[in-house]
Every structure is written in C-alpha cells, then in structure tokens.
Amino acid sequence: LGDIDGETEITLTNAFDITVAENVPDGESIQFTVTANDGTNDPWVTTLNITANAPIIELNGLSYSDIGGNNNGRLDAGEVIQVMFNIDNSGHAAGENVVASLTSSSDIVEIMEGEYTVESIEGQTYKEISLFFAISSEAESGNIASVDISVSYGETVITESLVKTVGLMMEDFESGTFATYN
C-alpha cells in the first residue's frame, strides 16, 4: 500500500480476491480477519463478515399424464407419458447449468425426451419442466414401469422415482371369493 499519512483514511476497492466453495450454504456468514500494521507498533486488527449467496435447488410438484394415450391417469401399453415437475431455486443466487433428466432400467420404458438443461434459474424462482417416455406396446397389465427423475447442478444430484403398475388389474369375483383371479 505504501505510506499512509497519520490521521488519514484510505479505501481500497477490489483489494482482495475471494474464492468461495461451490457448496457454500446459502446465507452462510463468512468471517474475515484483516490485519494492518506499520511495522513498529501493535497491529490493527478488525473483522468483517460477508454473507454468502448460493442456490438452493429442489425438485417439486412431480406429476405425470398419459397425454399420448387415453388420458385415464394410468400407464397403459403403447402410451406416451409426460412427466412434469418444477425445479425450484429458493436460494439467493442463480443456479447455473441445472440438468433435468429421465432414466429407466425397465425393459418396458423407452425414454423419448429425457434431458433438459436450464442455463440459469435465478434465486427465489422456479422453472417448469416436462420430459417424456413411452410404455412399450408389448407391456402387459401388471408390469412395473420405473423411471428416475434427476436434477443435477455442480456436485449436487437430486433424484426421485416414479414407479407405477401398467394397466388396471381388477378382480371381478367370478369365483365368488379371492381364491381365483383371472
């Protein structure tokens, strides 16, 4: 800094570079200790606090619709299913490059439109997402369709599962008891 005359004040703008961890919690108070000395007397020490702003990304409002079928609210063979949800950012900083995706290990599920990247979600806002998969026309009533919905940003991954039975299994009591199920 050089010499500073006695009884004077100086202000330094952009004097320090601060690198904050990607996983810093939103609202975290970070304390810094600043020490100044003239080399001869006791040092002058002060602290300052800076509040970190970070995104808080959540997956909310998960629902589905059999838009490419009979719209009966069930998964049936040959139908296209729309998965809808919100990516919420309740934090105070933008979430950058947030990726929503669908995956499945079910043989009867075909992912159609399974990924969407949101370049930025500002703090205190949300983004509505729709992704699509199809149920195989070869699926039988009673088969289980399982789809994982993931939202990832940075090192964070949030996953929810949608597990549904294909078709409608009904007992019509042809035997008059639960002993026979046809």
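Where is asparagine 71 found? The loop between strand S3 (57-68) and S4 holds asparagine 71. More on that residue follows in point 4.

1. Basis of the note. This is a predicted model, in which local features need pLDDT of at least 70, side-chain atom pairs count only at pLDDT 80 or more, and totals for chains, interfaces and linings use all residues. Residues are numbered from 1 along each chain as its sequence is written, and side-chain values use heavy atoms, with hydrogens and water left out.

2. Fold and overall dimensions. The protein chain has 0 helices and 10 strands. Its pattern along the sequence is β-β-β-β-β-β-β-β-β-β. Both element types are DSSP runs, numbered from the N terminus: helices are H or I with at least four residues, strands are E with at least two. The C-alpha trace spans about 100 × 30 × 25 Å along its principal axes. The radius of gyration is 28 Å, whereas a compact globule of 182 residues would have one near 16 Å. That radius is taken over C-alpha atoms, and the globule rule is 2.2 Å times the number of residues to the power 0.38.

3. Of the 182 residues, 25% count as buried. Buried means under 20% relative accessible area, exposed means over 50%, and partly exposed is in between (1.4 Å probe, protein chains only). The chain exposes about 12,000 Å², and carbon and sulfur atoms supply 46% of that area. Accessible areas come from the Shrake-Rupley method with a 1.4 Å probe; for residues, only the protein chains shown count as cover. Among contacts between residues at least 6 apart in sequence, 57% join residues at least 24 apart. Contact means heavy atoms within 4.5 Å.

4. Most residues other than glycine have a negative phi. Asparagine 71 has a positive one, near 55°. Asparagine 71 counts as exposed because its relative accessibility is 52%. Glutamine 124 also has a positive phi, near 65°. The loop between strand S7 (115-121) and strand S8 (125-135) is the place of glutamine 124. With a relative accessible area of 52%, glutamine 124 is exposed.

5. Asparagine 89. This residue is found in strand S4 (residues 80-89). Why does asparagine 89 count as buried? Because its relative accessibility is 1%. A polar atom of the asparagine 89 side chain lies 2.9 Å from the backbone nitrogen of glycine 91. The side chain also reaches the backbone oxygen of isoleucine 121 at 2.9 Å. A polar contact is a pair of N or O atoms within 3.5 Å; within protein, one must be able to donate a hydrogen and the other to accept it, and residues adjacent in sequence count only if both atoms are side-chain atoms. Leaving aside neighbours within four places in sequence, asparagine 89 is in contact with residues including Pro55, Ile57, Ala94, Ile121 and Gln124.

6. Nonpolar surface patch. Which residues form a nonpolar patch on the surface? They are Phe16, Ile18, Val20, Leu48 and Ile50, with about 460 Å² of accessible area together. Patches are made of residues with over 30% relative accessible area and no salt bridge; like charges are joined within 9 Å, nonpolar side chains (Val, Leu, Ile, Met, Phe, Trp, Tyr) within 5 Å. A salt bridge is a side-chain nitrogen of Lys or Arg within 4 Å of a carboxyl oxygen of Asp or Glu. Valine 20 lies in the segment before strand S1 (29-36). At 42% relative accessibility, valine 20 is partly exposed.

7. Threonine 35. Strand S1 holds threonine 35. The residue is partly exposed, at 49% relative accessible area.

8. Serine 65. This residue is in strand S3 and is partly exposed, at 22% relative accessible area. Beyond four places in sequence, serine 65 touches Asn71, Val80, Ile81, Gln82 and Met84. Valine 157 is 92 residues away in sequence from serine 65 and 25 Å away in space, C-alpha to C-alpha.

9. Threonine 103. Strand S5 (residues 95-103) contains threonine 103. Its relative accessible area is 42%, so threonine 103 is partly exposed. Threonine 103 and serine 150 are 47 residues apart along the chain, and their C-alpha atoms are separated by 8.2 Å. Not counting residues up to four places away, threonine 103 touches Ile111, Ser146, Val147 and Asp148.
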